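Colleague: I have a structure open and want to learn how to read it. Can you walk me through the main features?

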Amino acid sequence: MASDTAGALRPKRPPPWHDPAVRGVVFQILFVAAVVAAGGFLVHNTLANLERQNIATGFGFLGREAAFGIGESLILYSPADSYARAFLVGLTNTLYVAALGIVLATILGTVMGLARLSSNWLIAKLAQIYVETFRNIPLALQLFFWWGLLRWSAPAPRQAWQPLADVFVSNRGIVFPVPREDPAHPWMLLALVIGIVGAWAIARWARLRQARTGRPFPSGWAGLALVFGLPLAVFLAAGAPLRLDVPALHGFNFTGGTAVSPEFAALLFGLVIYTGSFIAEIVRAGILAVSWGQSEAALALGLTAWQRMRLVVLPQALRVIVPPMTSQYLSLTKNSSLAVIIGFPDLVSVANTTINQTGQAVEGIAMIMAVYLAISLVISALMNLYNRAVALVER
Amino acid sequence: MIRMGLGAISALAIAMGLGFIAPAEAGPTLDKVKQAGAISCGVQTGVAGYAQPDSQGVYTGFNVDICHALSAAVFGDPTKVKFVPLTAQQRFTALQSGEVDLLSNNTTWTLQRDTELGLNFAPVVFYDGQGFMVTKKSGVKSAKELNGATICVAPGTTTELNLADYFRANKMEFKPVVIEKLDELTGAFFSGRCDAYTTDASALAAVRIGRASNPDDYVILPERISKEPLAPVVRHGDEQWFDIVRWVVYALIEAEEKGITQKNLDDMAKSEDPTVKRILGATPGMGKALGLDEKWAFNEVKAVGNYGEIFERNLGMAGPLKLDRGLNNLWTKGGLIYAMPIR
Amino acid sequence: MPNIMTTGIAHELPVPAEAPPPRTHGPIGWLRANLFNSLFNTVLTLVALYFLAMTIPPVIRWALIDAVWTAPSGQACRGAMGQEGGACWAFIGEKLRFILFGRFPYAEQWRPLVVVVIFVALILLSCDRRLWGRRLPVLWLLGLAAVGVLMWGGVFGLSTVDTMLWSGLPLTLIFSVVGIVFAFPFGILLALGRRSRLPAVRAISVGYIELVRGVPLITVLFMASVMLPLFLPSGFTIDKLLRAQIAFILFAAAYLAEVIRGGLQAIPTGQIEAADALGLGYWQRTRLIVLPQALAMVIPPLVNTFIGTFKDTSLVIIIGLFDLLGTVNAALADANWQGFYVEAYVVAAAIYWSFCFFMSRYSQILEREFNKSRRR
């Protein structure tokens, strides 16, 4: 009897093909099967094609001698080195241009974003023209333009311009002197590290003290003094050993000093100007997102313009700014691969050459993709950490 | 309804996936070409004398004529060719994947390409060597003076490797500027970005004539730092097609050797010389052996002339480049061009 | 009483004449308020004015006064422009048709011209919100069909034109428009997949989106141009142009998916619960309730994605196709006209800019209006 009532009350169990859970599982199995089948189909074809045409596979080529030259490199490289080393050269070049680009684009973008909000009509208009112009022109075209400008307008090395003593600008790039290696350098580096750690400690102490007693401490100036002062002190203590490696025209080109090639300069310049125009908009939107009442309250408290920006507006604006900024940093890094069109030996350019020489396109492109994915993940992770630091702490 | 539709779609997707998994049988290239009604021929994107599109997009040049000859031999009609411009990077995969049926684009015959890239090389149609071009103003007279120079070079070519080898062997330094697209690469050289531009000497001549605003401002240095045997390329694994391309080239050379030209072709067809009769199909057998029409070689010469005529028209004195025959003369005249006997 | 006293005294004392208050109207007032309202701003204004004085006159002289408008060749152009050197617009005059339409057969170049006009008309029509709804997709389909007929030919007495010869501005427009149109449904599916309850579907969607967004477009184009042929059964080939188009579709889909996901996330749960309460199934709910609201919300970022794709098409130059930027570079390689890259790039930049600027302005206007209506 009891079981009978329960049976009548319990909703009838739907047939399995109408049960959402069962359907979900079946659908997923089918979906995965379709994706796996499609993937398997492609892999199968690729293997069959490679096999049939007798094309080598695997990463064995990485150990072989690369035998091609690379124009500029941060690490030692010669054609006698391996393909793996050539890849590393490309990777360091990519990281170098991307890191430099991110820093410079952030500075330019912030300045331009603030300029757009300036009460000065002329400055605001100029910043707006900058943003609207460079945002709306493809980066590839801009790169070609800057590269063309550097190649066609600059003179040959023999007639190089000399804006400063021992700095030469020619169509081979900008050459400038660098200090020669000295035993004092490692100590100066150590002093710099100590200075940075010290500055951080002071800032922390000052913040705690201000929270406790309310008395501010000029930690910014003290930090700056430590960071730059300590290495300078070491430098002076070592007897100011400044010997410059001065560039000189020797045969075809300048030897000595350090050179920035037109390709690198065009790439960096293009990336910074292009990305800067997007960052300017992000910064502007971020600051506009902070309600005017906040600024008024800060004014009422008697904060100076700098304090108002630093203590009230910026911390709130950063919450809006950081997430889109992350994607700009990512796209700058990915856009640095456009180096290949103007011949700067970045990762893609070197990998491209490798693919051509070895014929192993699958491996080469897989390596490029893996590297960019890794870089993307690292930048995202770092920016997420930062975002967590600036995000609103709910109390 | 929608649920059922979804199920049907997934089922269909899987069925299609499985259906595609059975790889379409790789038909012999000759059948594929005949079915398509045209030969797909990979050429450069634009090098004067070798393969250059005019403003109408019509290709002309030495490499282009090789494709026309092949088309004439296969179809009896030289126009059944589809030209596919390829960069240095794309050329091998384009061939491997079947996008093109042969490469006729100044590809250098090397051991690694022959083996690891799964390629087969037809006979050499042009013996070249790598050289350097500099501005006359620089005063450079020999490649040995290029120590420390910045050099423009295309990536993914034997040229790039030879360049590094040469400087290593001579204990000299250089800075490469590496750009894939020819337009930008030659632009970089002519803007003064590089001290020298290096590639095959004949291509240097083509660039000097075709792309310099004043060719007299540039000189090609005398050194040839490498051997560059340039040959048409086909896929590994299709012997019949390989044979056809090989003998199409030999027939062009043999025709020159026997004095068969576009003009005297019809007279020669009546010749009593047994070799000529075999070539032109008056004595049958050769075409059948190749799986072609008996008049295959006749059609070739009728369409584009013999090897010497193709050379003169595109590269020699009658063309823009004014190259000397040099190594590319017949073996009987002190060159390296030599056809295997057609019998 | 004391009040009256003081005022009385005040009236008798001579009052020193005060300076009139600063003008707040008229041009001088405007200048004062907007350019010279503080020491810092005055300095900035002067610096900016100096910068303008240094840059604008030389640019005007180069572009207009010293420019050469007609010349038979680059040499002649250089000879005519004098010492300072001006622009050689004769180069553009000579090459404009090539830059716009590239290697499309010369006599048939009215066809790509009409194609460009159709695209511009379609884009303009899409901005008219009265047409939003059923009619717009129909218009687009008709437009795209007309574009296909004009480019390929082979019907209505038009000669067939090989895709190898498609180049210039029409190619740029085709890549971006067709790319977005085909990426759109794919992007919707990916976005739905990413928000799906089914873990396998979610994982695959997330994997695809993040993979594609994590790598540069160049690698996707490389893959399409160099590796795609290896992925397919032997003897099965795809047109070079189509391969690049596939790359754009795959790439744009991942970015569209993220934009659409933003819209999906903004839908209040109440809407979905209401749909469930009505007994709608997943697809009915999605099609009738969720998507219409989500898509309407993300129209401005969708326009921005389209602008991004439009600019990205310039990368096909890497795989040897001649889009607008490619034809510019090819025009620059002409031996008779060497070194006029500034003129060429300025013209190309102006073309790209006018498209992008117009669309971005439009998306800004839309965004502002949407915000207004949402605030209500």
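**Reading the fold and its contacts**

Modeller: In chain A, 37% of the 395 residues are buried. A residue is buried if 20 or more other C-beta atoms lie within 10 Å of its own, exposed if 12 or fewer, and partly exposed in between, with C-beta atoms placed from the backbone. This is a predicted model: local features need pLDDT of at least 70, side-chain atom pairs count only at pLDDT 80 or more, and totals for chains, interfaces and linings use all residues. Residues are numbered from 1 along each chain as its sequence is written, while chains are lettered from A and ligands numbered from 1 in the order in which they are written.

Colleague: How many helices and strands are there in chain A?

Modeller: Chain A has 13 helices and eight strands. Helices (H or I, at least four residues) and strands (E, at least two) are DSSP runs, numbered from the N terminus. The radius of gyration of chain A is 29 Å, well over the 21 Å that the globule rule gives for 395 residues, so the chain is more spread out than a compact globule. That radius is taken over C-alpha atoms; the rule is 2.2 Å times the number of residues to the power 0.38.

Colleague: How do I read a helix pair?

Modeller: Two packed helices are described by the angle between their axes and the distance between the axes. Take helix 10 (residues 305–335) and helix 13 (residues 361–390) of chain A: the angle is about 175°, and the axes are 10 Å apart. Axes are lines fitted to C-alpha atoms, for helices over the stretch in contact, and angles run from 0 to 180 degrees between N-to-C directions. Helix 10 and helix 13 of chain A are therefore roughly antiparallel, a term for angles over 145 degrees.

Colleague: Which elements give two or more residues to the side of chain A that touches chain B?

Modeller: First the totals: 42 residues from chain A and 44 residues from chain B take part. Contact requires C-beta atoms, placed from the backbone, within 7 Å. The elements are helix 2 (20–52), helix 5 (139–153) and helix 12 (347–358) of chain A. Helix 2 of chain A gives the most, with 14 residues.

Colleague: And the sheet?

Modeller: Strands of a sheet pair through backbone hydrogen bonds, either parallel or antiparallel. Here four strands of chain A form an open antiparallel sheet in the order 1-2-3-8. Pairing needs at least two DSSP bridges. Strand 1 (161–164) and strand 8 (258–260) of chain A stand at the edges, each with a single partner strand, so one side of each is left without a neighbour in the sheet.

Note on methods: Parallel < 35°, antiparallel > 145°, perpendicular 65-115°, else oblique. Contact = placed C-beta atoms within 7 Å.
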